[in-house]
Amino acid sequence: MARQERAIRTRRTIVEAAGAVFDEHGYAASTIAMVLERAEVTKGALYFHFPSKESLAQAVLDEQLSLGAVPPHPCKLQEIVDMTFVFGQRLRTNSLLKGSVRLTVDQCAPPGVDHTGPFRQWSEHLLAMLQQARDQGELLPTVKPPDTADLLVGAFAGVQLMSRALHGREDLEHRISVMWAHLLPSIAVPGLLIGLDSRPDRGARVLASVESGELVGAEA
């Protein structure tokens, strides 16, 4: 059991180090030696878990969806909004997430690294949540959940890439808030719209509530 736990910790250390390296250098310029130096593990330990740079990049990509997790909310649209703000908040500080996002749009990675995975996973996850929102009467009757899920994924990807390029993500929360101000009126029923919280500091408040064990309501 102790050996298994140590192996899990070592793997996590390697993945987090790889995320930081891929974020800083991109796929093509990153090397196994850089990851070894950052992780402070032996070559044997790394290759025990990851036989190639491609497999290491795939592991970093596969972490993306879990890093956007938020506490469940009774209002599914608010939960979706919270996911974007929390993802944006973590994207400012979490090297693994930053590396995963860079790999998602890195055209230099080889065909063996599945760039489409995060996009598909986010669309599928949002589709399921939008269907729940529809069943709860939160959506306008004109909303088609599959199309809306893809639109939200694409819009958020563009917003965060633009924020990174122009301001190093310093204004990401503001840009996410502006995105929702334009999108929510075409998605949510009017009676729900006024209660949805898409203020720029939403992500910080949700994360603070996770640490304290309390749920931040849409009206908080």
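Predicted model: local features only at pLDDT ≥ 70, side-chain atom pairs only at ≥ 80, totals over all residues.
**Confidence by element.** I compared the elements and found the lowest mean pLDDT, 91, in helix α11 (residues 202-212), whereas helix α9 (residues 172-183) has the highest, 98.

**Salt bridges.** I counted 15 salt bridges. In one of them the side chain of Arg 12 meets that of Glu 16 at 3.2 Å, N to O; the two residues are 4 apart in helix α1, and so are separated by about one helical turn. Glu 16 is also partly exposed, with a relative accessible area of 39%.

I then turned to Lys 76 and Glu 79, whose side chains meet at 2.5 Å, N to O. Both lie in helix α5, 3 residues apart, about one turn of the helix, and both are buried.

The pair Arg 92 and Glu 170 forms a salt bridge at 3.2 Å, N to O. Because Arg 92 lies in the loop between α5 and α6 and Glu 170 in the loop between α8 and α9, this pair ties together parts that are 78 residues apart in sequence. Arg 92 is partly exposed at 31% relative accessible area, while Glu 170, at 55%, counts as exposed.

I also recorded a network of salt bridges that links Asp 82, Asp 197, Arg 199, Asp 201, Arg 202 and Arg 205.

**Nonpolar core.** The largest nonpolar core holds 57 residues, and those with the most contacts inside it include Phe 22, Val 35, Ile 80 and Trp 180. Among the elements that give two or more residues to this core are α1, α2, α4 and α9, but α5 gives the most, with 8 residues.

**Helix α8.** I checked the span of α8: its 23 residues reach 32 Å from first C-alpha to last, close to the 33 Å expected at 1.5 Å a residue. Its buried residues include Leu 152, Phe 156 and Gln 160, and what covers the buried residues of α8 includes α5, α6, α7 and α9. Just after α8, Gly 168 takes a positive phi of about 60 degrees.

**Annotated span.** In an unreviewed entry, UniProt lists residues 31-50 as "DNA-binding region". In the model I found this span to be 75% helix and 0% strand, with its end C-alpha atoms 13 Å apart.

Methods:
Residues numbered from 1 in each chain as written. Heavy atoms only, no water. UniProt positions renumbered as here; feature names shortened; annotations may be inferred. pLDDT = per-residue confidence, 0-100. Core = buried A, V, L, I, M, F, W, Y, C linked by side-chain atoms within 4.5 Å. Buried < 20%, exposed > 50% of the residue type's maximum accessible area, 1.4 Å probe, protein only. Expected span 1.5 Å × (residues − 1). Contact = heavy atoms within 4.5 Å. Salt bridge = Lys/Arg side-chain N within 4 Å of Asp/Glu carboxyl O.
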